[in-house]
Amino acid sequence: MTNQNLQHIINGKKVTGTSSTVFDIYNPSTGQKINKMQGASANDVRQAIDSADAAFEHWKKVPPSKRAQIMFNYRELLYKNVEELAELISIEHGKTLADAKGEVMRGVEVVEFCTAINSHLKSDYTADVSANIDSYNLRQPLGVCAGITPFNFPAMVPMWMYPVAIACGNTFVLKLSERDPSCALRLTELMSEAGLPDGVLNTVVGDKEAVDELLHNPKVAAISFVGSTSVGEYIYQEGCKHNKRVQALCGAKNHMIVMPDASLDQACEAILGAAYGSAGERCMAVSVVVAVGDEIADAMVKQLAPMVRALKVGAYDEEGVEMGPVITKQSQENILNYIEEGITQGATLVLDGRDHAKNEGFYVGGCIFDQVSDQMSIYTDEIFGPVLSIIRVSTYEQALALVNSHEYGNGATVFTRDGDTARHFTMNVEVGMAGVNVPIPVPVAMHSFGGWKRSLFGSSSIHGMEGVRFYTKLKTITSRWPSGIRKGAQFHFEGGKDAS
Ligand code: NAD
């Protein structure tokens, strides 16, 4: 055990939680317990909210260009510390160091977006909407915002939230996943080093008790959630009931349609990274391939199975490792149960990765199921592990109908050389993020990330300009100058040719 005695960060100070719950933190690569942390109680979270509320009075008045300067400093610190941050992710999450570094850099891109916050907050101004009357818009911060984040991107997902919220002039309470909190706690310290005043970013780790305080406390204006659909739906409904602005980004089952004209080499390489990278623990992982026609399906299975079998599975710091373990023993068991169900329900397990589960650590090797049907639980449910389902259909129309009938609508992609098919797909697929000949259509930081249907509750995607709009409220100002102009009392609206 490293026993660093992990603590929450409230008002710039490290504090020990007072909840009766103690979280054990594991190294999934070895299965060993490496740390523990006493959770934040409702009272601890209340203190974090109070400190954010107090800091807001000053922070909202700091000009955006000064806030941007802190983001520039932060970016430099993130670059300088990327190796340490990646190590903190990998040891608690299990993903490879290269993947962890990539995750940090995706977060850095959001910070880079925030360095231009004065430009993003630039307003519209219309002179002379009527005689001597001008109109303009302001986007003002909401107050205390909160973020509740999942285990699978312990750095990137928090960085989807707090940099944008803070750059917009809000203060923030970040509630991390209890499974791998170390990296984001370090990210919080680096914000202070970058010059962020105490209380603007407070970071806690807790369970439902902590989350419920965020949901019910009247000082919290907005909540961003990323995690599973069952929890996200609760957070959305409960947050809205308490008059908060809520965005809840949730679970997924991402499809890749492979058309008969696709480049098989390109498609197989794309599947390899998108289905098995990070052991399938990505909300944008491809977990279903829809093969159009038996010919391409047969060829794909033949080409893909040896590629997946050859993947080097192991600890995050082993030389040449390509896929690490899953996050917990419980998650490993859950995935193994799904594999059993797939077999029982009649799918063909063409590649069985269960041997890896015999090793120390929480491993599952890459699995491929062929001849999957849309009624099987390996297709309907989000497994969140390295298990790929192949569904065979005869036409593109059947493939699209299948994607569109799934309850989730996060991402989907098509591999084809035909422009008509590609355009029809992007225009008609019922997902928030669509791709053509790309494995995982994850939008970069200046665009916005978010799904449809049961993959997102609320109306707003995250980061990019959608993020700026989510973390600000619109004020429209109408003013008449010079002062002293009198028009007399008016009792009717003026519009069109009457307006003067
Ligand atoms: P999770 O829902 O278990 O946990 C997410 C957060 O909610 C954590 O902070 C956790 O402590 C908290 N939480 C858990 N149970 C709770 C409860 N009963 N009441 C209140 N809070 C609770 O999710 P996870 O297992 O950490 O992450 C994996 C899930 O996240 C997958 O479903 C994945 O698809 C999803 N995810 C979605 C996106 C997206 O952008 N759509 C991105 C990443 C992950």
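Start at Tyr-379 and show its side chain: a polar contact of 2.7 Å joins it to the side chain of His-255. A polar contact here is a pair of N or O atoms within 3.5 Å; within protein, one must be able to donate a hydrogen and the other to accept it, and residues adjacent in sequence count only if both atoms are side-chain atoms. This is a predicted model, in which local features need pLDDT of at least 70 and side-chain atom pairs count only at pLDDT 80 or more, while totals for chains, interfaces and linings use all residues. Residues are numbered from 1 along each chain as its sequence is written, and side-chain values use heavy atoms, with hydrogens and water left out.

**Stay on Tyr-379**

Tyr-379 sits in helix H13 (residues 377–380). Helices (H or I, at least four residues) and strands (E, at least two) are DSSP runs, numbered from the N terminus. Is Tyr-379 buried or exposed? Tyr-379 is buried, at 3% relative accessible area. Buried means under 20%, exposed over 50%, and partly exposed in between (1.4 Å probe, protein chains only). Now select what surrounds Tyr-379. Beyond four places in sequence, its contacts include Lys-253, Val-288, Ile-391, Leu-402 and His-406. Contact means heavy atoms within 4.5 Å. Next, pick Phe-369: its C-alpha lies 10.0 Å from that of Tyr-379, ten residues away in sequence.

**Colour the domains**

Colour 4–250 + 455–476 as domain 1 and 254–436 as domain 2. These bounds come from an automatic or database domain assignment. The C-alpha centres of the two domains are 31 Å apart. Where they meet, 23 residues of domain 1 are in contact with 22 residues of domain 2.

**Show the cores**

Select Trp-160, Tyr-162, Phe-172 and Leu-187. These have the most contacts inside the largest nonpolar core, a set of 73 residues. Such a core is made of buried Ala, Val, Leu, Ile, Met, Phe, Trp, Tyr and Cys residues joined through side-chain atoms within 4.5 Å. Helix H6 (residues 156–167) gives the largest share of this core, ten residues. Both domain 1 and domain 2 give residues to this core, so it lies between them. Zoom in on Tyr-162. Leaving out residues up to four places away in sequence, Tyr-162 touches Tyr-74, Phe-172, Leu-174, Leu-187, Met-191 and Leu-201. Then find a second, separate core of 65 residues; Met-259, Ala-274, Ala-279 and Val-414 are among them.

**Move to the ligand**

Which residues come nearest to the ligand? Of the 27 around it, they are Thr-149, Lys-175, Ser-228, Cys-250 and Glu-382. A residue is counted here if one of its heavy atoms lies within 4 Å. Check the ligand's oxygen atoms. One is 2.7 Å from an N or O atom in the side chain of Lys-175. A backbone N or O atom of Phe-151 lies 3.0 Å from a ligand oxygen. For a polar backbone atom of Gly-227, the distance to a ligand oxygen is 3.3 Å. Taken alone, the ligand exposes 840 Å², and the protein buries 88% of that.

**Two last stops**

Go to Gly-409 in strand S17 (residues 408–409). Gly-409 is buried, with 0% relative accessible area. Among the residues Gly-409 touches are Glu-430, Val-431, Trp-452 and Ser-455.

Finish at Ser-460, in the loop between strand S21 (456–457) and helix H16 (464–470). Ser-460 counts as buried, at 11% relative accessibility. A polar atom of its side chain is 3.5 Å from the backbone oxygen of Glu-466. Beyond four places in sequence, Ser-460 is in contact with Gln-247, Glu-466 and Phe-470.

Key: Accessible areas come from the Shrake-Rupley method with a 1.4 Å probe; for residues, only the protein chains shown count as cover.
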